Amino acid sequence: MNITNNTILITGGGSGIGLEIAKALSPANKIIIVGRNKEKLEAAAKDLENVFTIQADITNESDVNRLFEEVKTTFGGLNILINNAGHAHYYTISENSDTYTKALEEFTTNYFAPIRLTEKFLPLLKEQSESAIVNVSSIVGFVPGYHLPTYSDSKAALHSHTQVLRFQLAKDTNVKVFELMPPLVNTDFSAEIGGKENGIPPSDVANDLVKALEENIYEIRVGNTGLLYDNFFAATEGAFTTFNN
């Protein structure tokens, strides 16, 4: 697809993977980065061309409604929605860990928020001759992380939902659906699980996304995610299509 002259919204765009995606796609597009911390967003956008900020909590319905109205009125539409924001807890279920509360928080950000944002912005995306949704899942959507039990659950759910969404929208819309599946990445988000020491640069993830958008590669398995998939899951490539035909 064309990756210039688009209006692109990136949730969790103030740091990490989201910010690197913003850098990679500007200045050839209008980029809107969204996050809860206004000062963090403004600092991230300060030295970038064509990057705009909107403070919003994507888990809050009124904030999502306000975000939609601002994008519609200020920017006149949307070409690409990138559901990147995430939330994770590092723990083991065997401990007294309040698993339910942690799972609820993770699913609210990682699964339910992308569903609500997609539903809200889909009418704007359908107005374009070409548009896209990008859901950022994870390698743990394939194989759960030992210390990330319910985060892994939420990413597996997002992977499943993204497959269905792609299949359905391809039938009667111009909206393409991509899934970005990073391995461990060196960001503040992953510091607790060794991202600083063992993670790949977030710019690598962003660059792989840009390439995939250009070439219409809908499942983007970055780094070790690709190796894991090729070694253990590639045989199931056609399972979804076969099951749904």
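Analyst: One definition comes first. Buried means under 20% relative accessible area, exposed means over 50%, and partly exposed lies in between (1.4 Å probe, protein chains only). This is a predicted model: local features need pLDDT of at least 70, side-chain atom pairs count only at pLDDT 80 or more, and totals for chains, interfaces and linings use all residues. Residues are numbered from 1 along each chain as its sequence is written, and side-chain values use heavy atoms, leaving out hydrogens and water.

User: Is Thr7 buried or exposed?

Analyst: Thr7 is found in strand β1. Helices (H or I, at least four residues) and strands (E, at least two) are DSSP runs, numbered from the N terminus. The relative accessibility of Thr7 is 9%, so this residue counts as buried.

User: Which residues does Thr7 touch, beyond four places in sequence?

Analyst: Contact means heavy atoms within 4.5 Å. Leaving out residues up to four places away, Thr7 touches Lys30, Ile32, Phe75, Gly77, Leu78, Asn79 and Ile80.

User: How many residues of α1 are buried?

Analyst: The buried ones are Ile17, Gly18, Leu19, Glu20, Ile21, Ala22 and Leu25. They pack against β1, β2, α2, β4, β6 and α7. The helix α1 is largely enclosed by the rest of the structure, because its buried residues number seven of the 10.

User: Which residues of helix α8 are exposed?

Analyst: Start with the buried residues of α8 (224–232): Thr225, Gly226, Leu228 and Tyr229. They are on the same side of α8, because they cover an arc of only 165° around the axis, where the arc is that of the directions from the helix axis to the C-beta atoms. These buried residues pack against β6 and β7 (219–221). On the other side, the exposed residues are Leu227, Asp230 and Asn231.

User: Which residues lie nearest the centre of the largest pocket?

Analyst: On a 1 Å grid over the protein atoms alone, a pocket is an open set of points where a 1.4 Å probe fits, with protein on both sides within 12 Å along at least five of seven lines; lining residues have an atom within 4 Å of a point. The lining gets two or more residues from each of α1, β2, α2, α4 (99–126) and α5 (149–172). Of the 48 lining residues, those nearest the centre are Asn84, Ala85, Gly86, His87 and Phe189.

User: How far apart in space are Asn50 and Pro27?

Analyst: Asn50 lies in the loop between α2 and β3. Beyond four places in sequence, it is in contact with Pro27, Asn29, Lys30 and Ile31. Asn50 and Pro27 are 23 residues apart in sequence, while their C-alpha to C-alpha distance is 5.6 Å.

User: What is the phi of Asn5?

Analyst: Most residues other than glycine have a negative phi. Asn5 is found in the segment before β1 and is exposed, with a relative accessible area of 68%. Although it is not a glycine, Asn5 has a positive phi of about 60°.

User: What is the phi of Asn216?

Analyst: Asn216 sits in the loop between α7 and β7. It is partly exposed, with a relative accessible area of 29%. It is not a glycine, yet its phi is positive, at about 55°.
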